[in-house]
Amino acid sequence: MKKTRLSIIVPAFRKEKTIVADLKRIKKVLNNLRYKTELICVVDGYVDNTFQKATQLTQKEPNIKVVGYQTNRGKGYAIRYGMAKSKGDLIAFIDAGMEISPNSLSMILEHFEWYQADIVVGSKRHPVSKVNWTPKRRLFSLGYQLLTRVLFGLKIKDTQVGLKCYRREVLEKVLPRLIVKKYAFDVEILAVAHHLGFNRMYEAPVEIDFTTDTSTSAAASRHIWDMLVDTAAIFYRLHILRYYDDTNRRQWKFDPDLNFRVNTV
Ligand SMILES: Nc1nc2c(ncn2[C@@H]2O[C@H](COP(=O)(O)OP(=O)(O)OP(=O)(O)O)[C@@H](O)[C@H]2O)c(=O)[nH]1
Ligand SMILES: [Mg+2]
């Protein structure tokens, strides 16, 4: 039987402090998987030394691919950029920054095979996940879960973990339609995939350590507000504009250079 190929994308914005350690420990996990793997780091803007540090590492680890571009464009854009360059049958992403243990990746993959899934997401709310989260985070997560269930019919409890894996065919159908370049991008993929009938979405356990989180509470509140606005916009495009439907294909802008559609809406 042909070995399944797995691509894993690591988006990196201002990660000069952790990127080398991030990539090393992710690579170590990949080396022990029974898949043929490809590791792609996408540097989302040359705003610090992340690109130089990551590229330096490739001299010792030639199997890591580092790509990037000049200006910061947001996590959603960075991941889509990496996905467009990937070759795997399964395509996953994991956040840089050392919060999520890459060991969780093998859990994700086992769940993927077990369920014959379209998408498997890491979930803080899985019963055996190991998470040291604050009551505030837990409350927000619960509220957001209710919202995504009501707005999009998603059964997944936690849509926000920076570790997810998709079947290539799902992304081929979904990616050209996407707009969100920042955080609600995770939800946009799930909502559009669900809308297109890819309903085999499941959650897998993850290990997350938020103690390395450096964000201030003002930044967190802003982030929550932006997420809500983006999420409402996804609902509007999905159900009112029907923007994501096949009939709107002509509105999806295509950037041949990047091999996927970039939206300016
Ligand atoms: N915040 C942010 N992260 C980005 C961006 N582009 C790519 N990323 C990556 O997306 C992931 C987001 O991780 P987060 O933990 O949510 O954000 P962070 O930048 O690490 O911020 P803190 O953990 O709060 O310090 C990381 O891998 C980032 O490097 C961007 O424009 N902003
Ligand atoms: Mg972080």
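Strand β5 (residues 119–123) is joined by 5 bridges to strand β8 (residues 201–205), and the two run parallel. Strands here are DSSP runs of E with at least two residues, and helices are runs of H or I with at least four, numbered from the N terminus; two strands pair if DSSP finds at least two bridges between them. Within β8, V121 has E203 as its bridge partner.

Please keep in mind that this is a predicted model, in which local features need pLDDT of at least 70, side-chain atom pairs count only at pLDDT 80 or more, and totals for chains, interfaces and linings use all residues. Residues are numbered from 1 along each chain as its sequence is written, while chains are lettered from A and ligands numbered from 1 in the order in which they are written.

Strand β7 (residues 163–167) is linked to β5 by 3 bridges, and this pair is antiparallel. Here V121 is partnered by K164, and V120 sits opposite C165.

How many residues of β5 are buried? The count is 5 of 5, where buried means 20 or more other C-beta atoms, placed from the backbone, within 10 Å of the residue's own. I119, V121 and S123 are covered on one side, and V120 and G122 on the other. In a regular strand, side chains alternate between the two faces of the sheet.

Stepping back, 7 strands make an open, mixed sheet in the order β3-β2-β1-β4-β7-β5-β8. β3 (64–69) and β8 are at the edges with a single partner strand each, so one side of each lacks a neighbour in the sheet.

Definitions and conventions
A residue is buried if 20 or more other C-beta atoms lie within 10 Å of its own, exposed if 12 or fewer, and partly exposed in between; C-beta atoms are placed from the backbone.
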